[in-house]
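Me: I'd like to walk through this protein with you, one question at a time. Could you take me from the overall fold to the surface and then the inside?

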Amino acid sequence: MIRLFQGRHHAHGERQTLFTRDFILLFCMSMCCNSYLAVFYCFEQWLDSIHVSPSWRGILLSALFTMVLLLRPVFSVLLLSRSKLIPIILGICISSCMLLAYPLVSGSGSVYWILLLRMGQGTSLALYSCCVVSLLVSCIPKGQSAQGFALFSLTSLLPYSIIPSVGERLLPHLNSEADLFALMAALAIPALCMVIALAPKLRRPELTTTASQPRATPRAALYAMTHSGLGCIYMACLCFSIMTVLAIYFIKGLCGVTGAMPSWFFMTYTTTIILVRLFGSHRLDTLPRYKVVPLCAVVLACSVLGLAWGPVWAFIPLTVFYGLGLGLLYPLLASAVYNRSTEETRAINSNVMMLTFDASGMLGPLIGGTVISAGLGYRGVFTTAAIMVLCSGAFTLLDRLRLARQTRSGEEEGF
């Protein structure tokens, strides 16, 4: 896996590797904290059970990611030259407190309290994830970016393969989904233990100010974002991620219509992705990105449409194809951002990419809630998801055309 904080070893000529003790600790800590998000697969059903209107459901679902979208740029710049230890501890503790509070506000008149809890969780997630992403991208070995992102993405996939299945078995023994949310706060204990073990590394600033490495400022970050040439890739990431958000948050509602089991969906697609990335990650950096990404987008669109409109017996095979497309598409888009960034802009551009995922977390539930409010139902939501992932493939093709046009212009000027 990805070797973190390896600059000193590399300076002495040691061979870079993706497997280290520090990464294993960071990997496990991220898994615990990402479980805070995986448990909200049933959030929309909980809101329905306490009689929250569909329009409010979309707002409450998106509130968490709206806060991340607003605060990630601020934290990304502020933390570049600072210790990550205290911010990570604060992020974990705030999230746990928010989870413990859900059973106290479950009621049809508590939407504003729920909104505050979601906003608090979004703040903590922005603080926590900025630290992890910045540390991660600063030390991915050259030529292994797609493999590195693919392997580290398992920290979010594994919770989705475990939490929904466990949650469905626990829910009959709990008062409501809110109690399940509160139980997840216990994961703060192992997460904080791993933070203690990582403390020496987390105290070390990711970026230091030197004569050759200018001080990180908001103006420098803005310049890096606006001159990256990655606009089409960012839009591809946004559309792709909206599709995944719609699938995650509305699959349980769809299964109520089709008769399938939501736990099958999460277990099957995450297992498929894990197998793809464990056994094929070493080949990801060799794949032709501009051919594979649009193809994966088409496969994902067909799979999502099949889940909504196909027979129940096709649910598992279609979910396997969904996982296959997902397993290839994300790391290839992430590696495009990594490979087309300089060392100075790599952390900033990668955090901009993460902002597109945050934006999708805000836009996806709003889009889904709007579709349901319009009377199109959960099948309409998944049809919308198929359109979004096709747009992702289209933006990737536009990026290829833009690069080809730039190459031709450069050749003509040189001639």
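Predicted model: local features only at pLDDT ≥ 70, side-chain atom pairs only at ≥ 80, totals over all residues.

Me: What percentage of the residues is buried?
Reply: Buried here means under 20% relative accessible area. The protein has 415 residues, and the buried share of them is 59%.

Me: Which residues form the nonpolar patch on the surface, and which helix gives the largest share of the patch?
Reply: The patch is formed by I162, V166, L170 and L183, with about 320 Å² of accessible area together.

Me: Is V166 buried, partly exposed or exposed?
Reply: V166 sits in helix α8. Buried would need under 20% relative accessible area and exposed over 50%. Because V166 has a relative accessible area of 40%, the class is partly exposed.

Me: How much space lies in the largest cavity?
Reply: Let's look inside. The protein has 3 cavities of 30 Å³ or more. For the largest cavity, the space comes to about 920 Å³.

Me: Which helix gives the most to the lining of the largest cavity?
Reply: The lining has 36 residues, and those nearest the centre of the cavity are N34, L37, S156, M354 and F357. The top contribution to this lining is 7 residues, and it comes from the helix at residues 346-373, helix α16.

Notes. Residues numbered from 1 in each chain as written. Heavy atoms only, no water. Buried < 20%, exposed > 50% of the residue type's maximum accessible area, 1.4 Å probe, protein only. Patch = residues over 30% accessible without salt bridge, like charges linked within 9 Å, V, L, I, M, F, W, Y side chains within 5 Å. Areas by Shrake-Rupley, 256 points an atom, 1.4 Å probe, with all protein chains shown as cover. Salt bridge = Lys/Arg side-chain N within 4 Å of Asp/Glu carboxyl O. Helix = DSSP H or I, 4+ residues; strand = E, 2+ residues; numbered from the N terminus. 1 Å grid on protein atoms, 1.4 Å probe; cavity = no way out; pocket = protein on both sides within 12 Å on 5 of 7 lines; lining within 4 Å. Points joined across faces, edges and corners; volume = space filled by probe spheres on them.
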